[in-house]
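Subject: The model we talked about

Hi,

Here is the structure I promised to pass on.

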Amino acid sequence: MESTESLRAAMRGALSIRRVVIDCYGHTLGVIYANGVNLSCHQLATGNAIYRRDWDDGDAVRKDCPRSADTPPAE
């Protein structure tokens, strides 16, 4: 399943955002959940995203889905 389709399928039901930080432009950077499931974890688990610690403000993704975050990307 393509990344966009996978994410669209996972985004059914109630959505919520947990703010991690506000950037220097005033934008909220956060983690989005659908029915309590972290969508970043979903995308990592389905192989539709890669984890980069330097993009993970406050280790938010690593804390929610440590198994996926610790798995090196396939070569």
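This is a predicted model: local features need pLDDT of at least 70, side-chain atom pairs count only at pLDDT 80 or more; totals for chains, interfaces and linings use all residues.

Residues are numbered from 1 along each chain as its sequence is written, and side-chain values use heavy atoms, with hydrogens and water left out.

The sheet

Three strands make an open sheet in the order S1-S2-S3, with antiparallel pairing. S1 (15-22) and S3 (37-38) are the edge strands with a single partner each, so one side of each has no neighbour in the sheet. Helices (H or I, at least four residues) and strands (E, at least two) are DSSP runs, numbered from the N terminus, and two strands count as paired if DSSP finds at least two bridges between them.

S1 and S2 are joined by seven bridges, and Ile17 sits opposite Ile32 in S2. These two strands form a hairpin with five residues between them, and Gly26 in the turn has a positive phi of about 85 degrees. On to the other pairing: S2 (residues 28-34) and S3 are linked by two bridges, with Ala34 partnered by Val37 in S3.

Ser6 belongs to helix H1 (residues 3-10). Ser6 has 3% relative accessibility and therefore counts as buried (buried is under 20% relative accessible area, exposed over 50%, partly exposed in between, with a 1.4 Å probe and protein chains only). The side chains of Ser6 and His42 make a polar contact of 2.9 Å.

Met11 lies in the loop between H1 and S1 and is partly exposed, at a relative accessible area of 37%. Not counting residues up to four places away in sequence, Met11 touches Ala34 and Leu39 (contact means heavy atoms within 4.5 Å). Met11 and Ile32 are 21 residues apart along the chain, and their C-alpha atoms are separated by 9.5 Å.

The core

The largest nonpolar core has five residues: Cys41, Leu44, Tyr51, Val61 and Cys65. Such a core is a set of buried Ala, Val, Leu, Ile, Met, Phe, Trp, Tyr and Cys residues joined through side-chain atoms within 4.5 Å. Leaving aside neighbours within four places in sequence, Cys41 is in contact with Asp64, Cys65 and Ser68.

Best wishes

Technical notes. A polar contact is a pair of N or O atoms within 3.5 Å; within protein, one must be able to donate a hydrogen and the other to accept it, and residues adjacent in sequence count only if both atoms are side-chain atoms.
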